[in-house]
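Please read them with the structure open.

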Amino acid sequence: MYGWIWRHLPGNAWIKALTSVVLVLAVVYVLFQYVFPWAEPLLPFNDVTVNGQ
Amino acid sequence: MAATTDHEDETERSSSVPASPRGRRRPPRHRGRIAATVSVFGELLITAGLVLGLFVAYSLWWTNVIADREAHKQADKVRDHWAQSKGTGTGKDKDTGPGALDTKDGIGFLHVPSMKNGEVLVQKGTARSILNEGVAGYYTKPSKATLPMSGKDGNFTLAAHRDGHGAKFHNIDKIKVGDPIVFESKDNWYIYKVYDILPQTSKYNTKVILPVPKESGVKKPGHYITLTTCTPVYTSRYRYVVWGELERVQKVDADRTPPKELR
């Protein structure tokens with residue numbers, strides 16, 4: 001999978017490495033900004049009130 | 001290996017893939033496909049592990065960064081409001097002044113020296129969206145909190161996160177009986193003293209935030225404060241409860257000199 005991506009990135013090794021870093025950062029950004037905030041309330045880690053529900 | 005029979009070849013193929021040498025008779029493509037499938041599967045597992053690791057970093061670190069930033073912004077707003085409305089409000093005005101009743105930005109600050117986390121902004125409500133901004137929220141349901149500024153008998157019930165989102169009550173287990181809990185409003189310091197702690201209770205135990213929390217041993221109406229959060233750390237299996245009773249009220253002076261409990 002990652003090998004496939006690597007082979008399909010354009011340019012020489014340096015450009016590929018740079019593009020990879022950018023891609024990784026983009027994925028982390030999407031996770032932190034959208035995926036985790038969505039997932040967190042669904043997980044039982046952060047209910048702090050007594051509410052009988 | 002060159003002398004391998006067809007029969008052996010078959011068993012080898014079905015048992016283990018990477019061990020077989022580059023055979024002349026077998027198209028290398030086939031083995032490549034299985035190996036590729038295994039490797040993609042492995043990469044997916046590694047990816048899943050990394051994502052879970054990132055999620056831990058997100059919940060225990062990043063949410064604190066975000067929440068503290070937000071809480072500081074709102075705390076500054078409250079302080080600004082108070083500074084502006086100073087002088088306009090006099091005497092009886094103190095409980096209804098714009099600063100004191102501005103429930104949107106916050107009603108005041110909670111100082112618990114034994115938690116060693118400075119001041120915690122207090123806002124209305126215990127909804128996730130409010131608590132996630134790194135503040136303590138006072139209960140509006142199932143039992144409504146009685147605000148100390150009202151001067152009425154009742155229970156000032158608060159909730160905040162134990163971990164992540166500011167983790168304002170992370171050190172709640174460091175609070176001992178007899179420790180002070182100070183609430184700072186625009187005009188007054190309300191100094192409470194902790195008299196009972198319930199280290200573990202069910203989240204369904206809504207009696208702990210009643211106006212007269214009988215579970216803490218009190219029977220008569222009074223000025224109580226109740227802090228709730230989740231326990232044990234990193235989970236929300238149970239609730240941790242700390243009760244205090246108002247000891248005295250001290251007027252805020254011009255320099256907002258903190259009471260002796262905070263010095």
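Predicted model: local features only at pLDDT ≥ 70, side-chain atom pairs only at ≥ 80, totals over all residues.

The points below go from the overall fold to single residues.

1. Local features are discussed where pLDDT is at least 70. Side-chain atom pairs count only at pLDDT 80 or more. Totals for chains and interfaces use all residues.

2. Make-up of chain B. Chain B contains four helices and eight strands. Along the sequence they follow the pattern α-α-α-β-β-α-β-β-β-β-β-β. Of its 263 residues, 33% count as buried. Among contacts in chain B with a separation of 6 or more, 58% link residues 24 or more positions apart.

3. The barrel. In chain B, eight strands close into a barrel, and their order is 1-2-3-4-7-8-6-5. The pairing is mixed. From one strand to the next, the twist averages 30°. Strands of a sheet pair through backbone hydrogen bonds, in either the parallel or the antiparallel sense.

4. Strand 1 and its two partners. Strand 1 of chain B (residues 108-111) pairs with strand 2 of chain B (residues 119-124) over four bridges, in the antiparallel sense. Within this pair, B:Phe109 has B:Leu121 as its bridge partner, and B:His111 stands opposite B:Glu119. Strand 1 of chain B also runs antiparallel to strand 5 of chain B (residues 180-184), joined by three bridges. Which residue of strand 5 of chain B is the bridge partner of B:His111? The partner there is B:Val182. B:His111 can therefore be checked on both sides, as strand pairing here needs at least two bridges between two strands.

5. Strands 2 and 3. Here the sense is parallel: strand 2 of chain B and strand 3 of chain B pair over three bridges. B:Lys124 stands opposite B:Tyr138 of strand 3.

6. Strands 3 and 4. Strand 3 of chain B (residues 136-138) and strand 4 of chain B (residues 154-159) are antiparallel, with two bridges. B:Gly137 has B:Ala159 in strand 4 of chain B as its bridge partner.

7. The core. The largest nonpolar core has 47 residues. The members that touch the most others are B:Leu110, B:Val120, B:Val122, B:Ala136, B:Leu158 and B:Ala160. Strand 6 of chain B (residues 188-201) gives the most to this core, with five residues.

8. B:Ala160. What does B:Ala160 contact, leaving aside its neighbours within four places in sequence? The list is A:Val48, B:Val120, B:Leu131, B:Ala136, B:Lys168, B:Phe169 and B:Thr229. One of these, A:Val48, belongs to chain A.

9. The interface. On chain B, 31 residues are in contact with 17 residues of chain A. Helix 2 (28-85), helix 4 (128-131) and strand 7 (223-231) of chain B each supply at least two residues to the chain B side. Helix 2 of chain B has the largest share, with eight residues. The chain B side divides into 15 nonpolar, eleven polar and five charged residues.

10. An unreviewed UniProt entry lists residues 34-61 of chain B as "transmembrane region". In the model this span is 100% helix and 0% strand, and its end C-alpha atoms lie 40 Å apart. For chain A, the UniProt annotation "transmembrane region", also from an unreviewed entry, covers residues 12-36. That stretch is 96% helix and 0% strand, with end C-alpha atoms 34 Å apart.

11. Cis peptide bonds. The bond from B:Lys141 to B:Pro142 is cis, with omega near 0°. B:Pro142 sits in the loop between strand 3 and strand 4 of chain B. The bond from B:Thr231 to B:Pro232 is cis too, with omega near -10°. B:Pro232 is in the loop between strand 7 and strand 8 (238-251) of chain B.

12. Positive phi. B:Tyr234 is not a glycine, yet its phi is positive, near 70°. B:Tyr234 lies in the loop between strand 7 and strand 8 of chain B. B:Tyr234 counts as partly exposed because it has 15 C-beta neighbours inside 10 Å. B:Arg256, also not a glycine, has a positive phi of about 55°. B:Arg256 is found in the segment after strand 8 of chain B. Is B:Arg256 buried or exposed? B:Arg256 counts as exposed, because 12 C-beta neighbours lie inside 10 Å.

Key:
Residues numbered from 1 in each chain as written. Chains lettered and ligands numbered in written order. UniProt positions renumbered as here; feature names shortened; annotations may be inferred. Contact = placed C-beta atoms within 7 Å. Nonpolar A, V, L, I, M, F, W, Y, C, P; charged D, E, K, R; others polar. Core = buried A, V, L, I, M, F, W, Y, C linked by C-beta atoms within 7 Å. Buried ≥ 20, exposed ≤ 12 C-beta atoms within 10 Å, placed from the backbone. Axes fitted to C-alpha atoms, helices over the stretch in contact; angles between N-to-C directions.
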